[in-house]
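Hi,

Here is the structure I promised to pass on.

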Amino acid sequence: MKATVSNTDTEGKVWGGGNQPLKASYGKLMMWFFLLSDALTFSGFLAAYGFSRFKFIDSWPIADEVYNHFPFFHGDHPMYFVALMTFILIASSVTMVLAVDAGHHMNKAKVTFYMFLTIIGGAIFLGSQAWEWTNFIQGSYGALETKGGQILQFVDTHMEEGDEKMHRVSVEDFATASHKERVRHESKEGLWFTSEAALPTYSVQDVITGFNTKENLAVRTQELMPNVADLKTSENPADVAKAARYESLYMNADKTGQKGVLTRAGSEKALKDAVVYVKGANLVHNEYGNRLFGDFFFFITGFHGFHVFSGVIFNIIIFFNVILGTYDRRKNNYEMVEKVGLYWHFVDLVWVFVFTFFYLV
């Protein structure tokens, strides 16, 4: 019996195994595959961040209050420094485009110049990120942490005309150092949390003693104020009861979107649950609020920073190869500049999403 074989129009049109499928060289195609896999990795991280943030939406730190430092300037400058970092990284992407274009025109001098600018931009970004991490780790105001992991910050209830919210107060400005001998806490003492790596600057009692001498101070909690006015007019009795609770506990219950500030009596009661003084952030504690916030910050921005660092190293290698004339002698000329350019643009694009998720939303 003869087998029937049918020929289709696709015969002879499929890729035959050449070195330029999809009109791209093997090297460029592999770079695209790598970037695709890396994009999926970052997507997973950012999705996890989004789910965690949504779960703790009522207690997530306010970005404007965390990233508010600027070199050589005191006071609150929310997002200015991060915006500057973003601008520098995007500008370096522009210089990379110019380097690739110069490579297409076999202009070695311009490729060298624009590659140099790209490296400088990447190095400045890395330095800026290191500075931001330093501030994040060292902290500014300090806070107390309760047994349940809640962060208690301190604010001055005296507001000047034009103030929209109560200003935070540094624990160092009111804590009273005691002369009592302090002992490093260890997990074997029976509490659920881990051992202290070192003795904190102040004991909980130091902070409470100082707090009791300052009548203008109050405790600010992690909880964000909902629209209490809407809750009061709701037909759901649970919402009305919730509104009554907010008004009885917090002195700024009418400030939607701000962190709740407890009444003086409520503050004194909350301080009784405090177990440790924290300043700055690490993987276990952070003074900004929810612990996951610090963990995601270190992990995602650190992972992206590693990519930028790798990109700078790649760019430096390519830069010296350009100077030595390596690509003038190759068959594909400056294609290596184009490939490292793809990686650099990817790093920039990822930062746009990180910037949006962490700092803007």
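Predicted model: local features only at pLDDT ≥ 70, side-chain atom pairs only at ≥ 80, totals over all residues.

Mean pLDDT for the chain comes out at 87, with 87% of the residues at 70 or more. The part I'd flag is residues 1-6, where pLDDT stays under 50. That stretch also has zero contacts beyond four places in sequence in the model.

Now the record. The unreviewed UniProt entry carries the annotation "transmembrane region" for residues 29-51, 79-99, 111-131, 296-320 and 341-360. I checked two of those spans against the coordinates.

On to the packing, starting with α1 and α9. Helix α1 covers residues 26-55 and helix α9 covers residues 291-323; their axes are 11 Å apart, at an angle of about 165°. An angle over 145° counts as roughly antiparallel, so that is how α1 and α9 run relative to each other. The crossing of α1 past α9 is left-handed. On the α1 side the contact uses Asp38, Thr41, Phe42, Phe45, Leu46, Ala48, Tyr49 and Ser52, and these meet Leu292, Phe296, Phe299, Ile300, Phe303, His304 and His307 of α9. Sorted by class, that contact has ten nonpolar, four polar and one charged residues.

The other two pairs both involve α10. Helix α3 (residues 80-104) and helix α10 (residues 335-360) have axes that come within 10 Å and cross at roughly 160°. That angle makes α3 roughly antiparallel to α10. Here the crossing is left-handed, and the residues in the contact split into 16 nonpolar, six polar and two charged.

And which way does α4 run against α10, parallel or antiparallel? Helix α4 (residues 108-138) packs on α10 at an angle of about 30°, with the axes 13 Å apart. That makes the two roughly parallel. α4 passes α10 in a left-handed crossing. From α4, the residues involved are Val111, Met115, Thr118, Gly122, Phe125, Gln129 and Glu132, and they meet Val337, Trp344, Trp351 and Tyr359 in α10. That contact divides into seven nonpolar residues, three polar and one charged.

Cheers

How values were computed:
Residues numbered from 1 in each chain as written. Heavy atoms only, no water. pLDDT = per-residue confidence, 0-100. Contact = heavy atoms within 4.5 Å. UniProt positions renumbered as here; feature names shortened; annotations may be inferred. Axes fitted to C-alpha atoms, helices over the stretch in contact; angles between N-to-C directions. Helix = DSSP H or I, 4+ residues; strand = E, 2+ residues; numbered from the N terminus. Parallel < 35°, antiparallel > 145°, perpendicular 65-115°, else oblique. Left-handed = near helix turned anticlockwise from the far one by under 90°. Nonpolar A, V, L, I, M, F, W, Y, C, P; charged D, E, K, R; others polar.
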